[in-house]
Amino acid sequence: MITTVYLMRHSITEKVNYLDDNDNLLVKNQKQILTIEGEELARKVSGNKIFSNIDIVIASNYARAMATAKYFTNGKSINIIKDFGERLFGVDDYSDIPDDFYKRQLEEDDYKIGKGESQREVRERMSMALSRVINDNRGKSILIVSHGTAIIFLLKKWCSVKENKYLLYKNKVILENNCKNCETIRLVFNNKELIEIDNMKELLI
């Protein structure tokens, strides 16, 4: 039985200055909202015909993911699964993040800081959550709105890395440099076996 998963990064987020706010970095990150441009981009992408027959809409528990997902519901509810959230930094403020953090987190499977997550840990929780979703929704078409780094870490379960720049699946470029806002990766499963990965680049044209 064929199950199709559209794995999308959330839309464009607003830059915010936190004044007199004692929330830690995780909570601040979870609260980020979309810009007007981000709302318009999500609305535009949602109009593509491939999303007209989505059976299940899922988002992480981050505001920007839910705000993106709302454009794709077609009257359905958004299902929130926190395991599709962004990787945890493990520190309380952006100023506590080392200068080499972003480079090392992409290159080293087990690198993490504080109480944060490593690439391997993010991939494992994302993979387990995806397996549960597929098992519960076989034969359906599913949209999951997640986050750039988390998506890249998950895709490395099946994709190879070239020149620290490209993610390749069967010698086909799936991502280059990063995952853009509303960029969507289609994963096709036969029962639980992955049989194809495609980047739906045409959605952002």
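**Close-up views of a predicted model**

View 1. In strand S7 (172-176), Lys172 is the bridge partner of Tyr169. The model is predicted: local features need pLDDT of at least 70, side-chain atom pairs count only at pLDDT 80 or more, and totals for chains, interfaces and linings use all residues. Residues are numbered from 1 along each chain as its sequence is written, and side-chain values use heavy atoms, with hydrogens and water left out. S6 and S7 pair in the antiparallel sense over 4 bridges. Two strands count as paired if DSSP finds at least two bridges between them. Strands (E, at least two residues) and helices (H or I, at least four) are DSSP runs, numbered from the N terminus. The hairpin of S6 and S7 has 2 residues between the strands. In this turn, Lys170 has a positive phi of about 55°.

**View 2. Strand S5 beside S6.** Strand S5 covers residues 160-162 and runs antiparallel to S6, joined by 3 bridges. Ser160 stands opposite Leu168 in S6. This hairpin has 3 residues between its strands. Glu163 takes a positive phi near 55° there.

**View 3. The largest pocket.** This pocket has a volume of about 430 Å³. Of its 20 lining residues, the closest to the centre are Arg9, Glu86, Arg87, Tyr102 and Thr149. A pocket is an open set of points on a 1 Å grid over the protein atoms alone, where a 1.4 Å probe fits, with protein on both sides within 12 Å along at least five of seven lines; lining residues have an atom within 4 Å of a point. The volume is the space filled by probe spheres set on the points, which are joined across faces, edges and corners. Helix H4 (101-107) and helix H6 (148-155) each supply at least two lining residues. The lining divides into 5 nonpolar, 9 polar and 6 charged residues. Nonpolar covers Ala, Val, Leu, Ile, Met, Phe, Trp, Tyr, Cys and Pro; charged covers Asp, Glu, Lys and Arg; the others, Gly among them, are polar.

**View 4. The second largest pocket.** Its volume is about 250 Å³. It is lined by 14 residues, and Leu106, Val161, Asn164, Lys165 and Asn177 lie nearest its centre. H4 gives the largest share of the lining, 3 residues. S6 and S7 each supply at least two. By class, the lining has 6 nonpolar, 3 polar and 5 charged residues.
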